[in-house]
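Have a look at it first, and then we can go through some questions together.

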Amino acid sequence: QVQLVESGGGLVQAGGSLRLSCAASGSGFSINTMGWYRQAPGKQRDMVATFTGRGSTNYADSVKGRFTISRDNAKNTVYLQMNNLRPEDTAVYYCNSNGLTSTLSPFGVWGRGTQVTVSS
């Protein structure tokens with residue numbers, strides 16, 4: 001079973017930076033896509049930044065130029081560097097991944113989320 005564990009959230013002032021990490025654990029799995037979503041109170045969960053199956057990246061328009069997604073394939077870990085944070089970036093950030101298990105069954109998993117709060 002594949003599990004995702006996020007870390008790195010916290011409280012920061014507007015204009016500050018945070019770096020989120022998401023590590024996938026399990027055995028014999030292969031990752032197709034992996035990335036970050038966020039959900040603010042009372043709102044739907046939206047894509048923030050992801051790696052596609054082809055290895056390219058997608059960013060929400062609201063974070064382009066401020067956030068950067070990166071990964072360490074050897075560690076099955078994806079990162080989200082968030083710079084110039086704004087109060088509207090406040091949300092719970094979730095990691096998501098899709099791929100194949102060791103038995104070639106597809107999986108799709110979410111992490112538990114990490115809170116990011118940006119004060120004005």
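Two strands pair if DSSP finds at least two bridges between them, and strands are DSSP runs (E, at least two residues) numbered from the N terminus. This is a predicted model, where local features need pLDDT of at least 70 and side-chain atom pairs count only at pLDDT 80 or more, while totals for chains, interfaces and linings use all residues. Residues are numbered from 1 along each chain as its sequence is written, and side-chain values use heavy atoms, with hydrogens and water left out.

Q: What makes strand 7 and strand 8 a pair?
A: Strand 7 and strand 8 (residues 77-82) share six bridges in the antiparallel sense, and the rule asks for at least two. Within this pairing, Arg71 stands opposite Val78 in strand 8.

Q: Why are strand 1 and strand 7 said to stand at the edges?
A: The open sheet has four strands in the order 1-3-8-7, with antiparallel pairing. Strand 1 (3-7) and strand 7 (67-72) each have a single partner strand, so one side of each is left without a neighbour in the sheet.

Q: Why is the pair of Tyr94 and Trp110 called edge-to-face?
A: Rings of Phe, Tyr and Trp (its six-membered ring) pair if their centres lie within 6.5 Å; planes under 30 degrees apart count as stacked, over 60 as edge-to-face and the rest as tilted. The centres of Tyr94 and Trp110 are 6.4 Å apart and their planes are at 90°, so the pair is edge-to-face. This pair links distant parts of the chain, with Tyr94 in strand 9 (residues 91-100) and Trp110 in strand 10, 16 residues apart. Tyr37, Tyr94 and Trp110 form one aromatic cluster.

Q: How do you know whether Tyr94 is buried or exposed?
A: Buried means under 20% relative accessible area, exposed over 50%, and partly exposed in between (1.4 Å probe, protein chains only). Tyr94 has a relative accessible area of 14%, so Tyr94 is buried.

Q: And why does Trp110 count as partly exposed?
A: Trp110 has 41% relative accessibility, so the label is partly exposed.

Q: What makes the charged end of Arg45 sit over the ring of Tyr94 by definition?
A: The rule wants NZ of Lys or CZ of Arg within 6 Å of the ring centre and within 35 degrees of the ring normal. The charged end of Arg45 is 3.6 Å from the centre of the Tyr94 ring and sits over that ring. Likewise, the charged end of Arg19 sits over the ring of Tyr79, 4.1 Å from its centre.
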